[in-house]
Amino acid sequence: NFGPLISDFGPVVLAHDLLLHLHTKKSLHGGGEQSAWRDDIVGGLVGVDGVTDAIINLFADHAEIGVVFTRTFRQMAYWANHWLQNAGQAVGLFRRLGVDRYNLRGYIDYPVGGMFWARVEAIRPLFEAGITYEDFPPEAGQLDGTIARMSQQRL
């Protein structure tokens, strides 16, 4: 889901103020389609009455907020909020994004599952880093340790 978003839709995204990134969550992570995980995330971002208005108002009222996402799905293990095998990819991706201060240890609060609202200015570096499809390895059931997982986990 991040390959097309970053490689194909960058100019479209950059023409807007806010982005809502949703996808089908047709990952076989955990041995089957993750419809309960998807429904939980989507419900927290757009599926409950008033949540969309509340999030848009949050962005309008707080210019310092860059990304809004739901809590981690209750069936995800606590270690889903850690770097895991992604630490190896992080330094190169951070370099491309112009990030020179980071911590590769411990708990990371990020949108586990890769769905979120974002202020486009907050994620502009992802679209201006020259990331192409060639930067994403072929999908082979990887659960961790690829640029797809890095961009998903470390917005």
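Me: Hi! Is Arg-71 buried or exposed?
Reply: Arg-71 counts as exposed, because its relative accessibility is 52%. The cut-offs are under 20% relative accessible area for buried, over 50% for exposed and partly exposed in between, with a 1.4 Å probe and protein chains only.

Me: Good to know. What should I keep in mind about the model?
Reply: This is a predicted model, where local features need pLDDT of at least 70 and side-chain atom pairs count only at pLDDT 80 or more, while totals for chains, interfaces and linings use all residues. Residues are numbered from 1 along each chain as its sequence is written, and side-chain values use heavy atoms, with hydrogens and water left out.

Me: Back to Arg-71. Which residue does it meet in a salt bridge?
Reply: The side chain of Arg-71 meets that of Asp-40 in a salt bridge, at 2.8 Å from N to O. This pair links distant parts of the chain, 31 residues apart: Arg-71 is in the loop between strand E2 (67–68) and helix H5 (87–97), and Asp-40 is in helix H3. A salt bridge here is a side-chain nitrogen of Lys or Arg within 4 Å of a carboxyl oxygen of Asp or Glu. Helices (H or I, at least four residues) and strands (E, at least two) are DSSP runs, numbered from the N terminus.

Me: And Asp-40, buried or exposed?
Reply: Asp-40 is buried, because its relative accessible area is 15%.

Me: How many salt bridges are there in the whole structure?
Reply: A search of the whole structure gives 6 salt bridges. Among them is the one between Asp-39 and Arg-38, at 3.2 Å from N to O. Asp-39 counts as partly exposed, at 47% relative accessibility.

Me: What does Asp-135 pair with?
Reply: Asp-135 forms a salt bridge with Arg-96, and their closest N and O atoms are 3.0 Å apart. Asp-135 lies in the loop between helix H6 (120–128) and helix H7 (147–153) and Arg-96 in helix H5, so this pair ties together parts that are 39 residues apart in sequence. Asp-135 is partly exposed, with a relative accessible area of 26%, and Arg-96 is partly exposed too, at 34%.

Me: New topic, Thr-70. Where does it lie, and what does it touch?
Reply: Thr-70 lies in the loop between E2 and H5. Not counting residues up to four places away in sequence, Thr-70 touches Ile-41, Gly-44 and Leu-45; contact means heavy atoms within 4.5 Å. Thr-70 counts as buried, at 15% relative accessibility.

Me: How do H3 and H4 cross?
Reply: The axes of H3 and helix H4 (residues 51–61) come within 7 Å and cross at roughly 65°. H3 and H4 are therefore roughly perpendicular to each other. Angles under 35 degrees count as roughly parallel, over 145 as roughly antiparallel, 65 to 115 as roughly perpendicular and the rest as oblique. The axes are lines fitted to C-alpha atoms, for helices over the stretch in contact, and angles run from 0 to 180 degrees between N-to-C directions.

Me: Which residues meet there?
Reply: From H3 there are Gly-43, Gly-44, Leu-45, Val-46 and Gly-47, and these meet Val-51, Thr-52 and Ile-55 in H4.

Me: Which surface patch has Val-46 in it?
Reply: Val-46 makes a nonpolar surface patch of about 180 Å² with Leu-20 and Leu-22. Val-46 is partly exposed, with a relative accessible area of 31%. Patches are made of residues with over 30% relative accessible area and no salt bridge; like charges are joined within 9 Å, and nonpolar side chains (Val, Leu, Ile, Met, Phe, Trp, Tyr) within 5 Å. Accessible areas come from the Shrake-Rupley method with a 1.4 Å probe, and for residues only the protein chains shown count as cover.

Me: What about Phe-94, buried or exposed?
Reply: Phe-94 is buried, at 8% relative accessible area, and lies in helix H5. Leaving aside neighbours within four places in sequence, Phe-94 is in contact with Trp-83, Val-99, Tyr-102 and Leu-104.

Me: And where is Leu-104?
Reply: Leu-104 is in the loop between H5 and strand E3 (116–119). Leu-104 counts as partly exposed, at 27% relative accessibility.

Me: Last one: how many helices and strands?
Reply: The protein has 7 helices and 3 strands.
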